[in-house]
Amino acid sequence: MTAGKPVTPGDPQDADEPQAVAARPRRRLWWPAALAAAVALALGIPALVASGTSASGSSSLTVPADGSPEAGFARDMATHHQQAVDLSFIVRDRTSDEPTRTLAFDIINTQANQRGMMMGWLDQWGLSQHSPAKPMAWMDMGHDYQAHDGSLMPGMATNAQLAKLRTLGGKDAEVYYLQLMIEHHKGGVEMAQGYVDLAKNDSEKRLAQSMVVAQTSELELMTDMLKERGAAPGVPAS
């Protein structure tokens with residue numbers, strides 16, 4: 001799976017970019033993408049390796065081990081992010097609702113940007129983007145999640161759920177997308193916080209912390225959006 005590319009207005013993947021939306025959603029939607037861009041600028045190239053300073057003041061660089069939380073988080077969150085991008089592209093093609101399309105646009109840009117950063121770290125460290133290790137094994141929390149039907153980690157949608165989203169349109173697509181994405185964000189927040197608690201790379205830790213903050217805010221927003229549509233969190237059984 002290759003690194004995702006941030007999508008900008010005018011991208012041939014979707015010529016119809018979302019226009020202005022209601023004041024409340026717009027105020028709450030703009031900042032996750034802006035935060036990701038600011039994080040990218042703040043981290044820069046030095047973020048690709050963990051750094052320390054010797055007593056003499058000279059900088060020393062270390063590369064995380066293949067089985068480290070740094071490598072594991074980068075791999076697993078990149079996979080998690082890619083599905084969020086996929087879900088968001090699907091719903092943008094299934095509804096003309098501006099708040100939903102704007103949320104999807106922000107998630108696409110933010111998570112594709114972050115995914116690219118994590119893939120860049122692995123490349124800089126000389127590590128493979130894939131590992132035979134069980135997803136989230138690096139968290140050392142005894143996760144017993146059983147991967148099934150394309151759902152590799154907590155919160156990830158199954159292939160059947162992705163297929164169902166592609167069959168829906170309008171309000172039905174919006175509701176199902178929001179329900180799936182709420183579960184997706186819950187899993188993402190748990191993983192990001194798990195890395196924050198173990199982190200030895202300050203730059204990667206800052207990125208993970210920004211994910212916790214942004215996705216927690218989006219969870220509140222998506223819950224409100226569901227309520228506006230007469231629905232509630234929780235993915236219905238297929």
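Asp97 and Arg229 meet in a salt bridge, with their closest N and O atoms 2.7 Å apart. This pair links distant parts of the chain. Asp97 lies in the loop between helix H2 (69–92) and H3, whereas Arg229 lies in the segment after H6. The two residues are 132 residues apart. The model described here is predicted.

Arg229 has a relative accessible area of 12%. The cut-off for a buried residue is under 20%, so Arg229 counts as buried. Glu228 also forms a salt bridge with Arg229. In that pair the closest N and O atoms are 3.7 Å apart. Glu228 has a relative accessibility of 51%. The cut-off for an exposed residue is over 50%, so Glu228 counts as exposed. Salt bridges with shared partners join Asp97, Glu174, Glu228 and Arg229 into one network. Side chains of opposite charge can pair when their charged atoms come close.

The whole structure holds five salt bridges. One of them joins the side chains of Arg75 and Asp66, at 2.5 Å from N to O. Arg75 is buried, at 5% relative accessible area. Asp66 is partly exposed, at 42%.

The overall fold comes next. The chain contains six helices and two strands. Along the sequence these elements follow the pattern α-β-β-α-α-α-α-α. The chain has 238 residues, and buried residues make up 48% of them. Among contacts with a separation of 6 or more, 77% are between residues 24 or more positions apart.

Helix H6 covers residues 202–228 and has 27 residues. From its first C-alpha to its last, H6 reaches 39 Å. That span is close to the 39 Å expected at 1.5 Å a residue. Asn201 is placed at the start of H6. A side-chain oxygen of Asn201 reaches to within 3.0 Å of the backbone nitrogen of Ser203. At the other end, H6 is followed by Gly230. The phi of Gly230 is positive, near 70 degrees. Glu228, at residue 228, is part of the salt-bridge network with Asp97, Glu174 and Arg229. An α-helix has 3.6 residues a turn, so residues three or four places apart point the same way.

Aromatic contacts were also examined. The structure holds four aromatic pairs. In one of them, the rings of Trp138 and Tyr195 have their centres 6.3 Å apart. Their planes stand at 65 degrees, so the pair is edge-to-face. Trp138 lies in the loop between helix H3 (98–125) and helix H4 (159–167). Tyr195 lies in helix H5 (residues 170–198), so the pair ties together parts that are 57 residues apart in sequence. Both Trp138 and Tyr195 are buried.

The charged end of Lys164 is placed over the ring of Tyr176. The distance to the ring centre is 4.6 Å.

Methods:
Residues numbered from 1 in each chain as written. Predicted model: local features only at pLDDT ≥ 70, side-chain atom pairs only at ≥ 80, totals over all residues. Heavy atoms only, no water. Helix = DSSP H or I, 4+ residues; strand = E, 2+ residues; numbered from the N terminus. Expected span 1.5 Å × (residues − 1). Polar contact = N/O pair within 3.5 Å; in protein donor to acceptor, adjacent residues only side chain to side chain. Phe/Tyr/Trp six-rings, centres within 6.5 Å; stacked < 30°, edge-to-face > 60°. Buried < 20%, exposed > 50% of the residue type's maximum accessible area, 1.4 Å probe, protein only. Lys NZ or Arg CZ within 6 Å of the ring centre and 35° of its normal. Salt bridge = Lys/Arg side-chain N within 4 Å of Asp/Glu carboxyl O. Contact = heavy atoms within 4.5 Å.
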